[in-house]
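Subject: Structure handover

Hello,

Here is the structure we talked about. Please open it alongside this note; my findings follow below.

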Amino acid sequence: MSRDIEGWFEALEKKASSSGVAETIKPLLSVREFFRVELGLFFLSEYAPGQPATLMRKVLDGYALPGAGNETVVRNVRRRMGPTARGGQWRLRLNDYCKVPAHLRLFELDEGAGPRVVHDSVFRRRGSSTLPEREQAYRDAMSLPVSYKVEAGHDPAAPGMRVRLKRADGSIVRFRIPDWLEEAAPERRLEPKTHRTRRPFPQLTEDDFRQAAKEMDQRLSTSERYRTENFTGRVGRMVFSRTDSEAGCLTDGLGIFTIDGLAHVVGLMNSGKTTFNDVLVKICTDRGLRVGYLVSSVGNALEKVRFFRSLGIDAVPLIGHRSRPAHMERYWDDLLYVPDNGQAPPLPDGNDEVAAFTTDICLLDSLLEPSGPVATPLSMDERPCRDKLRVDTSGKRTPIVDCPLLAVCPAQAAVRRITTAQVWVATPAALLASRAEPASYKTQWVIPAQHELDLLVADEADQVMTQFDKAFMHHEPLTSPDGWSSRIALAWHEGLARTWYRPMADRQGLRYQQYATYHAQALAGLLPLLMKPSAEGHEGAQAGGELLEEITADGPFSGHTLLMRLARALHGITSRVEEQHQSHLWERAEEYFHTHFARLVEAPFGSPPASLKSLVDTMTSGYDTEKSAEEVAQDWLMHHLPEDMSEPGDRLAEFGRVLVAACWSARVTTTVFELSHMQETLRALMAVEDTNNLLAHQPRPELLAVVPEQPMGNMMALQWTPSPKEGRGSLDLLWLRGVGRWLLYHLHDLLACEGVEGPHVLLSSATSYNPLSARYHIDVLPTLILHEPPDCAAAIRESRFYTRPRRRPGHERGIYVSGAGGRGARQAAVRAMTDAVCTPDPGAALSLLEQVLQGCEPERRRALFVVLSTEDAATSAHYMNTRTAVRAVHVVPDRQAPGLYGLNHRRISAFPRTDAQVMAAAEGSAGRGHNMLNNNGVAAIQAIFYLARLHPPAHRSLLPSRDSQRPGYAAPSEAGSVRHPRP
């Protein structure tokens, strides 16, 4: 955390300890939690008097405002309350606070209220003679800004100095800095700002854009790579419309374009959005503005840096620390890539403007003393760039120094330019997750962007919003085909086989095996319980039947959720919301939960309560038991019924199932967390495929302190989605941490309530304004609309779409590509569709593919096969190459090895240089035709075949796929549909 959120109560904490108050409070809640709770109640009493205490979370998240002009107070309170303000913690802490002796509390529940906090409970201030200075401390905590934790920088190690470094394996490395090295000066760092007024954005006209385009063409005329860009012609083809929100109409022409905080530009493919953005960056940097630019991938970021630097603009990429080696490897691999039967590109001649930022060499490796034939190079986490080197002396407190080679280190080329660069180019992930360096405070790039930048351009803004959402709401299918559980099991066992089971001799390997076994066992126990009520139909649940199905149908659940609902059901509680007249029952249910069940969810693999040991032993037994787990659970419930409560009767069996399902659920979530935590350790033991580490997706505390929680609160839970077919379903993991898209709407004023105005923000996309799409819609009225040029509009009108349903031989029913019949049936359907398109029908001389390609222009006789997944694309390409005369490639995600017929996504522009006739790709992964140009600079693909019917799920955009945003599209209506554009 880059802010000092604890300093405000340190004096109170010391006073409470010295006066003995702390000893009275500690059995009930920690002293700091006590002060945080009172800070929240003090805030409510000042700004929302008479309102229920449960309103607190809504106020802090902005769902309910305490009045205009109080945003600064709300932000200060939210930061300083820390985790106490979380939706799931607030009411629990309030109930603990009510148990503190009354003479120590400043607040008490209103007259007539029960002993517990319910949804409409109101606290009133009563005063206390103990620690009277705390009221002023609370006022200061609300009004004073939360300061940054500024860390003093360290001097570079001096020439001739002996230093030491602790490596990841615990070993100590000592070496001496050469005497001949020049003494380095301390580096310039980014500093936090407590106040900032952003620069006004210039007012621009079409003449400004035309002049800038002319200057860009002149500058690029000597560039071998960019001399044919023709920005003058591209700007001249742009067709602008600006919106008039008051009149409710569009006005032709650019007029005077400016930005005051946030602007939204939309336009279909080939309308010139990227050109508009690039020219705008040129204009802004010429006028002294510092710019940030968001792109979809690191490869695109490096390409954009190369382009800007070719224009003479000082641009630098922001690349994550841990992923840097992989990105550098991809860069050089792509630069020297030679397509099959293609012409080798010229070797780099030293003029590549981005090559300086793609070196990953640690100069200190040459100083390491080898323990064997050669010294083991330092890993990315071991490199002592900053704050890791210690002077090698005998004292206990040895000084910390920085690497003396930072000023010349090739891996630090971008970092050295950060403080003066005109343009920062980053991905959304780097903006939110990568640590900003060099900076005097620990934070992610999104915060320095508020302090330093004047303009932030978000290209493909709908994708940026989607990545922001994913950063705060992680969804991971566990048991669906190719789900997380099957991937980690497959990766583990294949890794064991490749290494002859050597990791089993390591303690960490054994621990991973243990938790992998726990995970498989928990799924095997939980899934039958979830499938059983589903197989009995939904009518029972709607009639008030199975408690387990009722809970899982409500939404996400966890072991804690199931056991708490069980405890309430045993006490006769049926309502979802705690009412005042039932508060005593709710309190008894919570006490019952903490007495019997808490240890089952807090430490599911620890020693269970003595009374539940027989149940856990029966569930996890490796031998046949006399009774089933459900029978033991029923026996336990009968012996531990709450006092004065009637027996469950006919509901005993379903209560027993809930108890067993809760134990398994707690074990599932715990094993997922533990196995994810051990991923990095596992890679040190053996090479395993990346199985998507859940912990790597979690947002940083600095962002959690400002981004609103989900309305349902923050949680890590399971979600069961039953299949329409009986006895099936998918178990998914959800980790909800906040509303990520809120950041996109507030990139321009994220810290405005703290006195720091952020950059002007330009959102640019083709599909970002569609109120019917919850996933892609950005609720900001577009400032400017870019229309497709007239020739592109004409191409759309001339394009044709044909439907050619394919059927299995001897069957009237069409071929359906669906996962409902299982993985094997789906891939068989993909192969049947591929065969139907690539093989002539009985009696025909040409296949459907050959017929279509004959009607294409000679230099554009290539086709794209669109399928539903990467696996489907691989299956289709493999079938064409092995069973037909068609030569094909398939698009593979950048993170995967391409394989025999694969083409990584970042290399699709090389498709025209291969000898393949067909590219198979998952929906949306091929981008647009302009990404694949032939030797004449024209889109190489003219025909597109849809091998499956593309039905977007309800949460997806109701607009057609991205392929539809360019000339020659008509929505497919049957499997095997063909698109035949004629631009």
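Helices here are DSSP runs of H or I with at least four residues, and they are numbered from the N terminus. One of them is α32, which covers residues 870-883. Thr-882 sits in that helix. Please keep in mind that this is a predicted model.

Thr-882 first. Its relative accessibility is 40%, so Thr-882 counts as partly exposed. Buried would need a value under 20%, and exposed a value over 50%. Asp-360 lies 522 residues away from Thr-882 along the chain. Their C-alpha atoms are separated by 40 Å.

Next, a helix pair. Two packed helices are described by the angle between their axes and the distance between the axes. The pair here is α23 (residues 613-620) and α25 (residues 652-677). Their axes come within 11 Å. They cross at roughly 70°. Angles of 65 to 115 degrees count as roughly perpendicular, so α23 is roughly perpendicular to α25. The crossing of α23 past α25 is right-handed.

Which residues in α23 and α25 meet? From α23 come Leu-615, Val-616, Met-619 and Thr-620. From α25 come Leu-659, Val-660, Cys-663, Trp-664 and Arg-667. Sorted by class, this contact has seven nonpolar residues, one polar and one charged.

Arg-162 has Arg-176 in β4 as its bridge partner.

Strand β7 is another one to find in the viewer. This strand spans residues 262-267. Is β7 largely enclosed or largely open? Five of its six residues are buried, so β7 is largely enclosed by the rest of the structure. Two parallel pairings involve β7:

- With β17 (residues 760-765), β7 pairs over five bridges in the parallel sense. Leu-262 has Val-761 in β17 as its bridge partner.
- With β18 (residues 784-787), β7 is joined by three bridges, and the two run parallel. Val-265 stands opposite Leu-784 in β18.

Last, some backbone details in loops.

Where is the cis peptide bond? The bond from Glu-437 to Pro-438 is cis, with omega near 0°. Pro-438 is placed in the loop between α14 (428-433) and α15 (446-452).

Leu-131 is not a glycine, yet its phi is positive, at about 45°. The loop between β2 (123-125) and α7 (134-143) holds Leu-131. Is Leu-131 buried or exposed? With a relative accessibility of 6%, Leu-131 counts as buried.

Tyr-501 is not a glycine either, and has a positive phi of about 65°. Tyr-501 belongs to the loop between α17 (484-498) and α18 (507-535). The relative accessible area of Tyr-501 is 46%, so this residue is partly exposed.

That is the list. Write back with any questions.

Best wishes

Definitions and conventions: Residues are numbered from 1 along each chain as its sequence is written. This is a predicted model: local features need pLDDT of at least 70, side-chain atom pairs count only at pLDDT 80 or more; totals for chains, interfaces and linings use all residues. Side-chain values use heavy atoms; hydrogens and water are left out. Axes are lines fitted to C-alpha atoms, for helices over the stretch in contact, and angles run from 0 to 180 degrees between N-to-C directions. Angles under 35 degrees count as roughly parallel, over 145 as roughly antiparallel, 65 to 115 as roughly perpendicular and the rest as oblique. A crossing is left-handed if the near helix is turned anticlockwise from the far one by less than a right angle, and right-handed if clockwise. Contact means heavy atoms within 4.5 Å. Ala, Val, Leu, Ile, Met, Phe, Trp, Tyr, Cys and Pro count as nonpolar, Asp, Glu, Lys and Arg as charged, and the others, Gly among them, as polar. Two strands pair if DSSP finds at least two bridges between them. Buried means under 20% relative accessible area, exposed over 50%, partly exposed in between (1.4 Å probe, protein chains only).
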